[in-house]
Amino acid sequence: MSIHKTVKLANGLAMPSLGLGTWQQRDADVVKRVVGQALSTGYQLIDTANGYHNEAAIGDILTEIFNKPGSAIQRKDIWIMSKLAPTQQGYEKAKQAVLDSLKKLQTDYTDLYLIHWPGASRLKPDSPKHREMRAGSWRALEELYEQGKVRSIGVSNFTTRHLDEMKEYAKIQPMVNQCEMHPLCQQPELLQYCAQNSIAFTAYASLGEGALVNGDVKLPQLDAVAARRPDLTPAQILLMWGLQKGVAVIPKASSAGRIQENFDVLAKAELSAQDVTDLDGIDNKPEKHFCWHAEHIA
């Protein structure tokens, strides 16, 4: 059986299950090359954020590709997702931030827009102001969703507590929660909560920021699966592990080889039940976060 190629959102849209992450890619020439190679390879989802400082470069290369005479790739074929920075929390700032993203991306709409972090900048972690600010941001996203400026809306790095709180102020519940997830940070409670509340889960840092595949962290269980599956690289195994849990993955890549390697998982045979069990059994208590963790944000 092959891997699922889309994840269905609560509003009925089908989001590609594998996309290109662009965090830490700020050089415009590199961004254009990488995005161009990804689309040529077959990727249909590009993940960016205001805080990545690459929306303009992504907009340039996408427009160039869409407008190329005879191009087989058009705007409707590509899922563009971006995110609101902590500095842009609050109703007015959030609304303007989305409009600014659309301008930089050179598009009339994004397919998905997220609140990147439950906290607002320059506030103490325990400040009650965080809730007020993110509630205002969500109201702005709801309005933009109703206006067709964004086709779906969601959050990123929200814990179950932050998600549960949204039921008190959200007219539209989040359709996606994008969080760190890999065998050292499996987040079973968060995954279960999202599944029970029709919130699609997108995993970032699937390779532990590279540490799980470059030798920095030794995982004998991953080595054992790799020995049984010589057709897969360790990176592909980790991506497939996430995909088989029903989540979407957005691995970063900067070389043509790695872009292709990541994309190839969609055509590979699934991991066996034993493979998945072995990876699930990796000791991940306490969970290892290589990136953000919002448990301390009020």
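Which residues are exposed on the other side of helix 3? The structure examined here is a predicted model. In this model, helix 3 spans residues 91–105 and contains 15 residues. Its first and last C-alpha atoms are 21 Å apart, close to the 21 Å expected at 1.5 Å a residue. The buried residues of helix 3 are Tyr91, Ala94, Ala97, Val98, Ser101, Leu102 and Leu105. They cover an arc of only 135° around the axis, which puts them on the same side of helix 3. Glu92, Lys93 and Lys103 are exposed on the other side of helix 3.

Strand 9 comes next. This strand covers residues 200–204, and five of its five residues are buried. Ala200, Thr202 and Tyr204 point one way from the strand. Phe201 and Ala203 point the other way. Both groups are buried. Strand 9 pairs with strand 8 (residues 176–180) in the parallel sense, over five bridges. Within this pairing, Val176 has Ala200 as its bridge partner. Between strand 8 and strand 9 the chain passes through helix 6 (residues 188–196), and this β-α-β crossover is right-handed. Strand 9 also pairs with strand 10 (residues 248–249). That pairing is again parallel and runs over two bridges. Here the bridge partner of Thr202 is Ala248.

The whole structure holds two aromatic pairs. Tyr43 and Phe263 form a tilted pair, with 5.2 Å from centre to centre and 35° between the planes. Tyr43 lies in the loop between helix 1 (28–41) and strand 4 (45–47), and Phe263 lies in helix 9 (residues 256–263), so the pair ties together parts that are 220 residues apart in sequence. Tyr43 and Phe263 are both buried.

Trp117 and Trp292 also form a pair. Their ring centres are 4.7 Å apart and their planes meet at 65°, so the pair is edge-to-face; the cut-off for that label is over 60 degrees. Trp117 sits in the loop between strand 6 (112–115) and helix 4 (129–146), while Trp292 sits in the segment after helix 10 (273–280), so this pair ties together parts that are 175 residues apart in sequence. Trp292, at 38%, counts as partly exposed.

A charge also lies over the ring of Phe290. Lys288 lies over the face of this ring, at 5.2 Å from the ring centre.

Finally, the backbone was examined. Most residues other than glycine have a negative phi, and most peptide bonds are trans. Which peptide bond is cis? The bond from Lys285 to Pro286 is cis, with omega near -5°. Pro286 lies in the segment after helix 10. Gln106 is not a glycine, yet its phi is positive, at about 55°. This residue lies in the loop between helix 3 and strand 6. Gln106 is partly exposed, with a relative accessible area of 40%. Arg122 also has a positive phi, near 65°, and is a residue other than glycine. Its place is in the loop between strand 6 and helix 4. Arg122 has a relative accessible area of 87% and is therefore exposed.

Methods: Residues numbered from 1 in each chain as written. Predicted model: local features only at pLDDT ≥ 70, side-chain atom pairs only at ≥ 80, totals over all residues. Heavy atoms only, no water. Phe/Tyr/Trp six-rings, centres within 6.5 Å; stacked < 30°, edge-to-face > 60°. Helix = DSSP H or I, 4+ residues; strand = E, 2+ residues; numbered from the N terminus. Buried < 20%, exposed > 50% of the residue type's maximum accessible area, 1.4 Å probe, protein only. Lys NZ or Arg CZ within 6 Å of the ring centre and 35° of its normal. Pairing = 2+ DSSP bridges. Right-handed = clockwise from strand over helix to strand, strands pointing away. Expected span 1.5 Å × (residues − 1). Arc of directions from axis to C-beta.
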